[in-house]
Amino acid sequence: GIESYAAVPLFKLNGDYIGTLCALDTKPNDLSEDILETFELFGTLIAYELEFEERSREKTEALKLSEQSNESKARFMSILGHDLRSPLNTIVMAANVQKIDKISSDKKTELANTILKTAKRMQYLIEDLLDTTQSLQGNKILIERKQIDLNDVCKQIINEFTTANPTIIIDFYSQGNCQGEWDEGRIGQVLSNLLSNAISYGDIRKPIKVDLIEDCGEVILQVNNQGSLIAEDVMKNLFTPFWRGARKKANSSGLGLGLYVVKQIVESHNGEVSVKSNKEYGTTFTVKFKIRFAEFPN
C-alpha cells in the first residue's frame with residue numbers, strides 16, 4: 001500500500017556506509033527537487049549525529065578501560081608487595097636466628113627448611129607472574145613434550161606438599177595407563193597450583209582428594225576439597241588473572257594467578273579445565289588431557 005517513497009544513503013565523514021534513511025507514505029506525493037534536497041540534508045545531518053554519538057561512546061569506553069587499567073595496576077602492585085614481603089620477612093627472621101650460636105643443630109635444620117620452603121613459595125609466585133606476563137602479551141606458554149608417566153609426576157608433587165604441610169591429608173587414587181607425551185614441569189605446576197588452591201580454601205580437617213584416571217584416550221586429573229562452596233558469580237572469574245574476589249581466609253596469599261596459569265598450561269597441551277562446586281561433593285577442579293601416544297619400551 002505504499003504510494004510514495006524516498007531514500008538517501010547515510011555515510012560517515014570518511015565515506016563508510018552507515019545505512020539508509022527512508023520516507024514512506026500510503027498517499028501519493030509529488031516529491032519536488034526542493035523536498036528531495038531537504039531530505040538529503042536531513043540524512044546528512046543524521047549521519048553526522050550518529051557518527052558523533054559513536055565516537056563519544058568509544059571515547060567513554062576508552063576512558064573507562066584506562067581507569068580500570070590504572071586501578072588494576074595499582075591493585076596488582078599492592079598485592080605483589082604484600083605477598084613477597086611476607087615470605088621475605090620470614091626468611092630474614094629465620095636467617096637472623098640461625099646466626100645465634102646457642103641454638104641446637106635440630107633448630108638450625110628446622111630454620112633451614114623454613115627458609116627453603118618459603119623461598120620456593122616466592123619462586124612459585126614469580127614463575128606464575130612471568131607466565132602470566134607472557135600470556136597477556138599474546139605469547140603462548142611454552143611446553144616441551146617428552147614421554148612421562150603422570151602417576152610419577154603426581155606422586156612427586158603430592159610428596160612435596162605433604163612434607164611441607166604435615167597436617168594436610170592428600171588421598172591419591174590412580175587408574176589406568178597414564179603414560180603419554182606432556183611437559184613434566186608444566187603438569188607439575190598445574191597440580192601444584194590446584195593443591196595450593198585446595199589448601200587455601202579447603203577444610204584442612206578433611207582430606208584433599210587427587211584422582212588420576214585414564215579413560216578412552218584421555219587422562220582426567222581431578223583435585224577435590226571440602227571447603228566453602230564457590231558461588232556461580234565467583235566461578236565465572238576464577239580463571240581471570242589478578243582476580244582474588246573469592247578469597248575469604250586471612251592467611252590466603254598469592255597474586256590471583258594460579259588458576260589462570262593452570263588454564264593457560266592446560267590449553268597449551270590442547271586440554272581443558274573446569275570446576276564444579278556443590279554440597280554433595282564439595283569443590284572439584286577437573287583437567288582433561290588427550291593422550292598423545294608414543295612408543296614406550298616393554
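## A tour of the salt bridges and beyond

Start by selecting Lys290 and Glu218: their side chains meet in a salt bridge, 3.9 Å from N to O (a side-chain nitrogen of Lys or Arg within 4 Å of a carboxyl oxygen of Asp or Glu). The pair links distant parts of the chain, with Lys290 in strand β9 (residues 282-290) and Glu218 in strand β7 (residues 218-225), 72 residues apart. Helices (H or I, at least four residues) and strands (E, at least two) are DSSP runs, numbered from the N terminus. Glu218 is buried at 16% relative accessible area, while Lys290 is exposed at 54%; buried means under 20%, exposed over 50% and partly exposed in between (1.4 Å probe, protein chains only).

A word on what you are viewing: this is a predicted model, in which local features need pLDDT of at least 70 and side-chain atom pairs count only at pLDDT 80 or more, while totals for chains, interfaces and linings use all residues. Residues are numbered from 1 along each chain as its sequence is written, and side-chain values use heavy atoms, leaving out hydrogens and water.

Next, select Lys146 and Glu184, a salt bridge with its closest N and O atoms 3.2 Å apart. Lys146 lies in strand β3 (residues 146-149) and Glu184 in helix α4 (residues 184-201), so the pair ties together parts 38 residues apart in sequence. Lys146 is partly exposed at 45%, and Glu184 is partly exposed at 29%.

Now move to Asp203 and Arg205, whose side chains form a salt bridge (3.0 Å, N to O). Here Asp203 is buried at 17%, whereas Arg205 is exposed at 72%.

Finish at Leu111 in helix α2 (residues 105-136), which is buried at 10%.
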